[in-house]
Amino acid sequence: MKKDITLYRNIGIFAHVDAGKTTTTERILKLTGKIHKIGEVHEGAATTDFMEQEQERGITIQSAATSCFWKNHQLNIIDTPGHVDFTIEVYRSLKVLDGGIGVFCGSGGVEPQSETNWRYANDSKVARIIYVNKLDRVGADFFRVVKQVEDVLAAKPLVMVLPIGFESNFQGVVDLLTRKAWIWDESGDPMNYEIQDVPADMVDQVEEYREALVELAVEQDDALMEKYLEGEEISLEELKRCIRKGTIELKFFPTYCGSSFKNKGVQLVLDAVVDYLPNPMEVKPQPEMDLEGNETGRLAYVDPEKPLRALAFKIMDDRFGALTFTRIYSGQLNKGDTVLDTATGKTERISRLVEMHANSREEVEWAQAGDIVAVIGMKNVQTGHTLCDPKDPATLEPMIFPEPVISVAVAAKKKADTEKMGLAIGKMVQEDPSFYVETDEESGETILKGMGELHLDVKVDILKRTYGVEVEVGKPQVAYRETITKVLQDSYTHKKQTGGSGQFGKIDYTIEPGDPGSGFQFESKVTGGNVPREFWPAVQKGFETSIEKGPLAGYPVVDLKVTLSDGAYHPVDSSAIAFEIAAKAAYRQSMPKAKPQLLEPVMAVDVFTPDDYMGDVIGDLNRRRGMIKSQEPGPTGVRIKADAPLSEMFGYIGDLRTMTSGRGQFSMSFSHYAPCPNNVAEEVIKEAKERQAVAAS
């Protein structure tokens, strides 16, 4: 039995924190008959927010995958988080989606995080429809948000409906295609609506917007364009076909409005998902790579008959074991199959397959191209790994994850919990590739590293609630880096004679600053065999392992180039290990002489503040060594973009709320590393030396 892939829609719902994304998902599940009582986010009972942390904070942290049906189409919905520290979740989800719904708040409009998510969706070339939510709120203005989508996101909204009434009088919407009004009563039941004629006072406005819609739509088809210009009526079917084509090609974004909380307007959004968003076969196929990561020129077409290609895009641990969420691009996955994980080179057996509905599941025997399913009990698969047919291996484009910029030391409060904490953190690292853990060799402390304060807060919270481990948390540490600023030529000879054969290796080398972002580079210009070729990798390895600790404060060194220019060897006493030791000693000898410099992570900060508090917010950012990049006045306040060092931004959310009477918002993400001012560098180096002294004692 084969399923009809054209009836699939793999969609994500993404937005700024608090735009009503999860509430919208709830309404969709209710309308599609998946749940009977609607859960409310603010009551902590939403179906897709089933983590305690999510219910308590009212934010979505994990993407939950859910299947439901609308007009005999299967919708696989991924609810993604809106918070900047979890953009990794959005990014991962977008990789495996074919279409999306961008939800914007009717009063808040296009907020900082929605911009980031929109940019990710553009990068992944995901077709979207826009849904302006919360039109029942004070200050809501559909037309202002449409204008912001044009100005801030530089996107082209195609207005499909107009709101009837606004704020507390919001009653429903006019569907511009059919010229019919959908009016809901105040019972809160999404099924209690009537389809009526357009209200008399809106007829002119409806005609004006409908004409603009038709003009934009027929641009997708030359023959229809001619027909339209000659004054002929375009049929509904023809219009829908054009809108679908333009949406899939990202020419425009069909735009709807409503109030999910009041259950008004969601049906039309569901119809739009079916009518205009692509099925898996209408999306550009993923390029295949060989096991070395080179493009093979082949594409993973969405076809159940082709060899298996699937991407594990999320791992979640729950009471039944590890769930690996997988998007199948081509081929078929059956219970009992053996598949190859190209990242580990190991095969895994598919013991159980489930289709997810938020936190409940249905066992299935098989799944095929276009499906999103969860596999239970995989051992070594991690996020971003490709699963494929062992007889025909290939990998899909790998996912790239950002480096962490902030770390905290944690220790279990009870000694007895130490092992339990280690196991829990191990599971969490597997679930979230932007979360790292390491053990400090000197102090033996467990260090957690992540993308921001909130990210690590939530991890500590999960340790406490989900795994029952109380931990003590050190103060946040910034991930500083070191580099050098001077070119230095130097030489080092390693000689050791202890009875029998000795050790000998001499190297002449240059160390110099590399370009920003270039990492570590090594080159050998030795000619004439003074350092035989087989010892070059040992010299490289010696330097490469040394850059983990810089000369100033022991932070990793970046953007360093080492050139091996000459040297000498002994036919008996020279060995790879002798040259590696020589390189390590050379590093220790030369780095302090090459004018080392401390670098600090600089964050791109995006702050929204009401006009009245703008002076205070800018003054505060300047005090935090922030560089103001731009100020954009908006209808409800000002957006300020700045670059600011991470070390100055701890606890910023609390300070911003105090300054703006709770109305300010901000998001920040890592931008680049920049040299630390001397007074700051001295303080950081002093602290690092004190920590090293304590650890040594």
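Tutor: In this predicted model, E7 and strand E8 (residues 172-175) run antiparallel and are joined by four bridges; strands are DSSP runs (E, at least two residues), numbered from the N terminus, and two of them pair if DSSP finds at least two bridges between them. Across this pairing, Ile164 faces Gly172 in E8. Both strands belong to an open four-stranded sheet, ordered E7-E8-E9-E10 with antiparallel pairing. Strand E7 (161-164) and strand E10 (193-197) are its edges; each has a single partner strand, so one side of each lacks a neighbour in the sheet. From one strand to the next the twist averages 25 degrees, taken between axes fitted to C-alpha atoms, with angles from 0 to 180 degrees between N-to-C directions.

The largest cavity has a volume of about 50 Å³, counted as the space filled by probe spheres set on the points. Strand E2 (64-70), strand E19 (352-357) and strand E22 (372-376) each contribute at least two lining residues. Domain 1 (5-174 + 252-276) and domain 2 (286-396) both give residues to this lining, so the cavity lies between them; the bounds come from an automatic or database domain assignment.

Residues are numbered from 1 along each chain as its sequence is written, and side-chain values use heavy atoms, without hydrogens and water. Local features need pLDDT of at least 70, side-chain atom pairs count only at pLDDT 80 or more, and totals for chains, interfaces and linings use all residues.

Key. 1 Å grid on protein atoms, 1.4 Å probe; cavity = no way out; pocket = protein on both sides within 12 Å on 5 of 7 lines; lining within 4 Å.
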